[in-house]
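Visitor: I am new to this structure. Please walk me through it, one question at a time.

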Amino acid sequence: MMGFLIVRAGGQRYGLGINRVTEVIDGFAVDRVPSVHPSVRGVTPVRDRLVPLVHLGSLVSGTPPPELQGDTIVVAECSGKTVAFEVDDADEVVFEDPLPVPDGWDLPWALGVAKRDEELIPVVDVATLVDRLTTASIEEQT
């Protein structure tokens, strides 16, 4: 059975696999840095090192992050890479397997969906999103 953390970002709810989440931090500092991906807001200190700060809703939707910064970050690790996902809030941990993505939904970055309060919430494939960031960086360098 899989578990995931339900978060809110950019007016949407998402699930993040708890097998990738290392911590949730309320209130954080951000240093703005240039980036090849528009969803990267900058870097933030996590356990004495700087990690990329990425607005989750922006990364998923492909739009720039909102001007107003969120209050919470969810730190995730994947393939030796640490990323801090900026979210508006972390709501709950759910211990269940996601359902398949419904036919007709275009969610190439999702592992499936969770049904909460009659709403279907995409469960994010963190590895796919980290690859998206890494690919953008590599393409910019070539």
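Visitor: Which strand holds Val7?
Guide: This is a predicted model. Strand β1 covers residues 3–9. The place of Val7 is in that strand, β1.

Visitor: Is Val7 buried or exposed?
Guide: The relative accessible area of Val7 is 0%. Buried means under 20%. Val7 is therefore buried.

Visitor: How many residues apart in sequence are Val7 and Ile121, and how far apart in space?
Guide: The two are set 114 residues apart in sequence. From C-alpha to C-alpha, the distance in space is 9.8 Å.

Visitor: Which residues is Val7 in contact with, leaving aside neighbours within four places in sequence?
Guide: The list includes Gln12, Arg13, Tyr14 and Leu16. It also includes Leu56, Val74 and Val87. Then come Asp89, Ala90 and Asp91.

Visitor: How many salt bridges does a search of the whole structure find?
Guide: Side chains of opposite charge can pair when their charged atoms come close. Searching the whole structure for salt bridges gives a count of eight.

Visitor: Which residue meets Arg13 in a salt bridge?
Guide: The N to O distance in this salt bridge is 3.3 Å. The partner of Arg13 is Glu119.

Visitor: How many residues apart in sequence are the parts tied together by Arg13 and Glu119?
Guide: Arg13 lies in strand β2, residues 12–17. Glu119 lies in strand β10, residues 119–124. The pair therefore ties together parts whose separation in sequence is 106 residues.

Visitor: What does Arg13 count as, and what does Glu119 count as?
Guide: Arg13 has 18% relative accessibility, so it counts as buried. Glu119 has 32% relative accessibility, so Glu119 counts as partly exposed.

Visitor: In which sense do β2 and β10 pair, and what is the bridge partner of Gly15?
Guide: β2 and β10 pair over two bridges, and the sense is parallel. The bridge partner of Gly15 in β10 is Val123.

Visitor: What do β9 and β10 form?
Guide: Strand β9 spans residues 110–116 and pairs with β10 in the antiparallel sense over six bridges. Ala110 stands opposite Val124 in β10. Two residues lie between the strands, and Asp117 in the turn has a positive phi of about 50°. Together β9 and β10 form a hairpin.

Visitor: With which residue does Glu118 form a salt bridge?
Guide: Glu118 counts as exposed, because its relative accessibility is 69%. The closest N and O atoms of the salt bridge are 3.7 Å apart. The partner of Glu118 is Lys115.

Visitor: Why is strand β4 largely enclosed by the rest of the structure?
Guide: β4 runs over residues 40–46. It is largely enclosed because the buried residues number six of the seven.

Visitor: Which strand does β4 pair with over six bridges?
Guide: The pairing is in the antiparallel sense. Thr44 stands opposite Val51. The partner strand, residues 49–55, is β5.

Visitor: Which residue meets Arg41 in a salt bridge?
Guide: The N to O distance is 2.6 Å in the bridge between Arg41 and Glu86. Arg41 lies in β4 and its partner in strand β7 (residues 81–87), so the pair ties together parts that are 45 residues apart in sequence. Both residues are buried. The partner is Glu86.

Visitor: With which side chain does Thr72 make a polar contact?
Guide: Thr72 lies in strand β6, residues 72–78. Thr72 is buried, with a relative accessible area of 2%. The polar contact of its side chain is 2.7 Å, and the partner is Asp26.

Visitor: Which residues make the nonpolar surface patch of about 270 Å²?
Guide: One of them is Val93, placed in strand β8, residues 89–95. Val93 counts as partly exposed, because its relative accessibility is 42%. The patch is made by Ile18, Val93 and Phe95.

Definitions and conventions:
Residues are numbered from 1 along each chain as its sequence is written. This is a predicted model: local features need pLDDT of at least 70, side-chain atom pairs count only at pLDDT 80 or more; totals for chains, interfaces and linings use all residues. Side-chain values use heavy atoms; hydrogens and water are left out. Buried means under 20% relative accessible area, exposed over 50%, partly exposed in between (1.4 Å probe, protein chains only). Helices (H or I, at least four residues) and strands (E, at least two) are DSSP runs, numbered from the N terminus. Two strands pair if DSSP finds at least two bridges between them. Patches are made of residues with over 30% relative accessible area and no salt bridge: like charges are joined within 9 Å, nonpolar side chains (Val, Leu, Ile, Met, Phe, Trp, Tyr) within 5 Å. Accessible areas come from the Shrake-Rupley method with a 1.4 Å probe; for residues, only the protein chains shown count as cover. A salt bridge is a side-chain nitrogen of Lys or Arg within 4 Å of a carboxyl oxygen of Asp or Glu. Contact means heavy atoms within 4.5 Å. A polar contact is a pair of N or O atoms within 3.5 Å; within protein, one must be able to donate a hydrogen and the other to accept it, and residues adjacent in sequence count only if both atoms are side-chain atoms.
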